[in-house]
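Please look through the entry below before reading my comments. They are meant for someone new to reading structures.

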Amino acid sequence: MAHTEWKDAPGLPDFSLLKRLARDQLIFLLEQQHEVDKLYKVELKPIVSSSDQLCFLIRPRIQTVKWISDLVNADKVAGRFRRYKIIFTPQKFYACETVLEEQGVYGDVTTDEWNFYILPLDDDILSLELPEFFRDNFLEGDQRWVTTAGSALRLLQSVYGSFSKVYGIGRCAKMVYESWRELMEDGEQRTRQPEFAKVFLVDRDVDFVTPLCSQVVYEGLVDDLFRIKCGSVEFGPDVTSSDKSIKVMLNSQDKVFSEIRNEHFSNVFGFLSQKAKNLQTAYDKRRGMDIQQMKAFVADELKGLKQEHRLLSLHIGASESMMKKKTKQDFQELLKTEHSLLEGFEIRECITYIEEHINRQVSMIDSLRLLCLLSITENGLLSKDYRSLKAQYLQSYGIEHLLTFANLRQLGLLEEQQAGETLTVMESKVGKLVNDKTVGKLTDAFSSLAKKSNFRALSKRLALVPKSGEEYDLRVPRDMAYVFSGAYIPLSCKLIEQVLERDGWTGMEEVTRMLNGQEFAVTARNKTDAQRIVLVMFLGGCTFSEISALRFLGKERGTYYLKQME
Amino acid sequence: KYYYAFNILKIELYEMGWNLKDGLRECLVAAAPYGGPIALLKGHYRRSPSARPQLEIYSSSGLPLASFPWKSGVVKQLGWTVSDDLLCVQEDGTVLVYDLWGGFKRHFSMGNEVSQSQVLETKIFHSPYGTGVAILTGALRFTLATNIDDIKLRRLPEVPGLQEAPSCWAVLTQDRQSKVLVANGSQLFILDNTACTPVTPPGLSPQASSIVHMCVSFSYKYLALLTDSGHVWMGTSNLKEKLSEVDTKIKTPPKQMAWCRRPKSQQPSAVVMWDGLLIVVGECKETIQYHLDDDSVLVPELDGVRIISGTHHELLQEVPGACEEIFKIASMAPGALLLEAHKEYEKESQKADEYLREIKEQSLLSEAVRQCVEAAGHEHEPETQKTLLRAASFGKCFLSNFPPEQFVSMCRDLRVLNAVRDYTVGIPLTHTQFKQMTVQVLIDRLVYRKLYPLAIEVCRYLKTPEYQGVSRVLKHWACYKVQQKEESDEVIAKAVSVKLADAAGISYSEIATKAYESGRTELAIKLLEFEPRSGEQVPLLLKMKKSPLALSKAIESGDTDLVYTVVMYLKNELNRGDFFMMLRNQPVALSLYKQFCKHQEQDTLKDLFNQDDDHEELGNFYVKASYKDQRLEARVALLQSAVDEYYKAKNDFSAKTTEDEMRLLRFQRKLEEEKDEQLVGFSLQDTMTTLLSVGLHKHAEQLYKDFRVPDKRFWWLKLKALAEKEDWEELEKFGKTKKSPIGYLPFVEVCIKHHNKYEAKKYVSKVTPEQKVKAHLAVGDMEGAAEAAIERRNESEISTVLSRCSATTDHLLMERLNRAKATAVKK
C-alpha cells in the first residue's frame, strides 16, 4: 500500500528505539552471568550441558516454572551442583515464586525481570506477543496481563510522548486504561512532541464475529494456511518447490509482499504475473548492453532483481498452494455459508451444511468456527440443533471436546438458547410475514430483551453487511468490506471508524448498549497540532483482515493506524 | 617562620539554656556532631541504688528535650547515631537505643563474650557505613560492630603482651574497614579483622616512654599522639608521614584531645584539654592557651571543635582563608578592598571609586566578589554576613557577566543556617558542615526534632522537589500525629487528610502502618481509605488481620499478582473451610486460585467444586482426568464418576454422551482383544473408519446402530472408506442397499477424486435433477451436462456449462446452449 499518497500524512514513529531499549536491558541482565554457552528451549526434558550455571529466559507461566523446578530437583538427585537463574519477561508473578517455593527450589534459584513489553513486528504493527492473553483474560478471568498492557502503554508514552485522547470499549480495555493511568501518576511526565494522537483500546470479545470469518486477503490467508508467528512464516516444501522449508520475514521490507498483503486474494495472482513480466523485462535489459552498461547493471540492479526474483517465486508458490486449497468447491461453499450467516439468510441450509461439514470431518477447527459463527450471529443455537450438532461433533472428534464446548460456552462463543429465549425463531417467522423495515425494528426490540451478542441488530445499525445483489469490484475496494469479499465490514474496525469520526461515543448509545456498554473516551490534554497517528490496541489479539481493513481506512483518511495485538 | 603562629578563632555559639547546678562535673556527656543534641547522664558515678542517675537530653543551645531517671544497668558510654538516636552502652554489653525525645526504641547486645567479661571501655564512631560501636572488654579484647542497623559483630585479634587496659586507643576507618589503633606503653598496634600489626610513628621523639592519649581527625586521615613526656606528635593516620611535633611542657595526662582543622587546610592543629586549660598545638613550636573556668567537653567537628561547658557553647575554628584575607589588619586583598569600597560608597564618599579602580586595575573584581561571598558564608553574625553580601552585590554591579548562582545560593543557605542556628532551634551548623550534610539530612534532623513548620519552610524556600521535601515532612508529621493518644480517631484522620490533601506522593499506607503500630487499628483503617492506590493498602490490612478487606482491596487494584499474594497468605493463615468460604464470596480470587490449583493441586480443585456443589465442573474435571489416564479400567471409573456428576447437574446430555463413551471404550477394548486392531481412545467416527478400512463391516454396522449414528454420517463415512480401499464392487452394493440419504452426487465426486471415471458414471443417472449438471460436469460429460441444463432451462446452469466448453471442440454444443440461454432469459 502506498502510504505516500497523502503528502501531509505524518511519518511513522521510529520503533527501532523500542527494540534497542529492550535489548540493552537484556544485555545488562545477561552480563551479570558469565558467557552464554548455548541456548535451549525450555521443555520437560533433561538438559545435557556441562555448564555449571543455567539461565532461563521465560514467560511467567506456572507450567514452565514447574519444568524448571523438576530440572533443578533432578540435578539435586543426581548430585549435580549448578547455579540457576530465571529471567521472567515481561514480569515476575507471585504465583511463579510460590511454585518455586512449593517445589522446594526457591533457595537454589535466583530470579530477575526483563521488562520487555512490545515487539515491533512491522512499520505499523506492534505486538505484546502474549498468546495466553485471550485465554487468561476472557476464559479464566485472570487479569494478570492487564498491568502488562498498561505498562506497555506507559512505555510507548514515555518514548513517543503522551496521547491526547483515549477511547476504548470493553471491560478489559477499561482496566488497562485505569492501570496505565495509575502508572502515569507515579512516574514523572515527559514533555515532548507526541507522536501518537489517539489511542483506541478494544476488547476482543466486543467483536467475536470478525475473527470467526475465513480470511481472504493475502496476508490473512497466509496466516490461516501457514501461521504467521512473530512476523515470520515458514513455507513448506510445496511452496518452495524444493525439499526444504524456508522461513521468511513478512513485513514491509519485502517489496513484493508489501504490495499484495492487503489485496483480496482474487487480485493477487494477476498482480504476481504482472510482476513476473516486469521482472523479465528488467532482466531482458541486459541484451544489447555494452561492457560498461553490463558492469553497471551487475553492480546496481542485479542484486535487487535477484532478491525480488526469489521473493516473487516464494509468493507465487504460496498463492499456488492457496489456490489449490481455497478455490475448491469446499472453500467456496464455506464462504457462501459464512456470508449467509452474516446476512442471516437460509439459516436452515447453513445448519445442514455445518452438519455435513462435521460428519465428513472436513476440519476440526473450521467446524467449530462455523458453529461459533452460527451461535453468535443467531444469538445462540436452538436446543435441538445445539444438542444434535454437539453430539455429532463429539462422535467425530471424541468426547474430550465436551470440555471444549464447556469453554466455548463460558466465553459466550457457542451457546444453547434457553427456553423462552426463542426470540430469533419468532423473529424469523415474523420476518417472513412482514417487510424488511419492520423486521429491523422488531430485531431491535427483541435484542434489547435478550442481552446477547446482538449481532443482527448491530449489523443493521452499523450497516456491516452491504446490500446483497450489488456488484462489488474487489480490484477497487469501496469500503472495508473488501477484506471479506465485500460481504461484511469488520465490526471492530467499523466501531473504530465511527468513534474517531464522531470524536467520541455520542450518537452511538444504542450500539454501545448492545455491546454491553463499558465504553469510554478521555481527553488527556488539549493539543492543537493535529497528529494523525492513531494507535489501536486489540486486547486479546486481532486478525490480519482487521489490520488490512484499518490500513485501508488509514489510506482513505490520511491517517495512520497502528495496531497492537496481544 | 610564620608571621602568625595560628589563625585560631573562638566564637561563642550560645549561652547555654540549661541550668546545671554542678556544671558538667561528674556527668557522662555525649554531644552529636553537626550541631546535634547533647545527652547527659548525671550522677552515674555514685553507685548507690537509692539515687538513680538522671538521663537528660538537650539541644545544642541547652534547651531541654527529655529527662528521665535511668533505671537500667550501669552505663559505660553515651553516643549518638547519624540519625540522631542516643546509644547507651551498658557494662554488660547491652546497647539501648533511644530517640531524641527519650523514647525507647530498641536494644541489642554486643555478644556473649562481651557480656561475660564486661565492658571496660567503649567508643562510638561514624563511618560511611553508619554508626558503629567498639568495645574493649575486661578480657582485654576488642569487639566491633561497624553498623548498628545491620549488626555484624567482629572480634579483633589479641594484642600481644597486653596485661592491663591499654593507655589509649582509637577507632579509624581505612581501606573501607574499621580498625583499632592501640597503644600499650610506647608500643603501637593496628588491629584489623585478621591481624595485629605493630607500627611505629615516624619521628616520634625518643624521650617518650608511653603514649598517653591519641585522637583521630574527623576524616580519619590524621592522627595525633600525646606522650608522657608532654609531646604532641601529629601525622597521617596511616603512620607514613609526620607533620609536626610540639612540646606542651605538661606531663599530666589530659582529659580530652581533638583535631581542630578544616578540610583542605595545610595547617595541622590539635586541641588538648586539661582541667581548666586548653592548649592548641600546631606546626610551630608555640602554642595558644586558653583558660577554662568550668568543666568542659570537646566535640570534634568537620571544620573545628566545639567546646561545651556548664554555661557556654563555643566553636574553636581555624580562621577561614577568605575571612582572613578580608579582615586581616591592613589587608590589600581584593575582598578587603571591595568591602572598603562599599563602606565608602555607603558614606557617599568618592574614595569608593578609588578602591574600586584599584581592584579593577588588577582585574580582580570577580575574585573580590567571590571572596566576600565566601567570607559571608563563614560568618556567624548576621550583620557581618549582610555587610559582606552587600559588598559583593555592590561589586557585582561593575561586572558584566558574573554568574549569579553562587551569590544567590549563598544568600539562601545563610538564611536557612541563621534560622536553624537560632537559639530556639539550636543546630549550630557552619556553612561547610551544612554543605557536607546536605539539605536532605538537615530536613531529617528538623523532622526528628518535630520542627515540622520550619522543615516545610526550608523545603519551600530551597525549592526542594515536593516528593523529597514537603511531602516527606508532612508524612513524618502525620506519622507523629497519629501517635497522639489524646485525640480521637476522627479528629486525627480529618487533620491528616486536610493537611496532606494536595501534597504529591504521600503514602497513606505508611502513616496507617504507624497508627497500627501504636495500637490504633481503627485509625489505620480510616487512614488507608485515603490511599488512592488500593494495592498499597493490602500489606497493612493483612498485617492487621483484616483479610476480607485486604482481599477485596487487592481485587479492586486489578493487580492479579497482589490477589495471588493475599490468596496464598490466606491459604496458610486460615483453616481450609474458612478459606474456601472467603474465596466463595470473591469470584476473581476464586478463579485465580482455581487456575493455580489446576497446575499445582488437582485435589484441591475437586474439593473446591465439591464445596460449591458445582457438579457440572466436577463432571468436566473427571472427564479431563479420564483422558490423562492410560489404564482402561481407571478411565471407565473416572467417566462413571463424571456421569454421576452430570446427572446431579441435571445435564442429561453430557451424562448420556459420557455413558456412550464408556460403552465405546468397552467395545473398542473387546474388539482390540479379538481382532488385534488399535482402537482404544479413538472417537466414534475414527473407530468406524478403522473398522471399515480393515473390512470389519459388520462391526461398523453394529456401532452405527448402537450409537444412533445419523444415516448421512454413516453413508459419507462408508462411501469414503470404500473408495479409499478402491472396493468398487462393495461400493456399488452399498449404493443399492437403499436410497442414499446424502444423494448420489457425493458418489460421483468421491469416485472422481479417486480417478475412477468409469465407476463415477454409474451414479450420474441416480443424481437428483438439481445436481445433474454438476454430476455430468464432474465426470467430464459436456453433452450430458448441456442436455440437463437445457432441459431445466436454468440460465445460470447453462452459463456454468458454457464456461467449461472449449471453443474449438464443443462448437456445436455452444450454439445450442446459447440458443437455450436466450430463450431461458426471455422467459
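1. Basis. This is a predicted model, in which local features need pLDDT of at least 70 and side-chain atom pairs count only at pLDDT 80 or more, while totals for chains, interfaces and linings use all residues. Residues are numbered from 1 along each chain as its sequence is written, chains are lettered from A in the order in which they are written, and side-chain values use heavy atoms, without hydrogens and water.

2. Chain B overall. Chain B contains 32 helices and 28 strands; these are DSSP runs (helices: H or I, at least four residues; strands: E, at least two), numbered from the N terminus. Of its 827 residues, 53% are buried, where buried means under 20% relative accessible area with a 1.4 Å probe, protein chains only.

3. Contacts within chain B. A contact means heavy atoms within 4.5 Å. Counting those between residues at least 6 apart in sequence, 49% join residues at least 24 apart.

4. Position of A:S396. This serine sits in helix α16 of chain A, residues 383-397. A:S396 counts as buried because its relative accessibility is 0%. Its C-alpha atom is 6.8 Å from that of A:N359, 37 residues away along the chain.

5. Surroundings of A:S396. Beyond neighbours within four places in sequence, its contacts include A:I358, A:Q361, B:S683 and B:D686. Its side chain makes a polar contact with the side chain of B:R713 at 2.7 Å; such a contact is a pair of N or O atoms within 3.5 Å, one able to donate a hydrogen and the other to accept it, and residues adjacent in sequence count only if both atoms are side-chain atoms. A polar atom of the A:S396 side chain also lies 3.0 Å from the backbone oxygen of A:I358.

Methods: Buried < 20%, exposed > 50% of the residue type's maximum accessible area, 1.4 Å probe, protein only.
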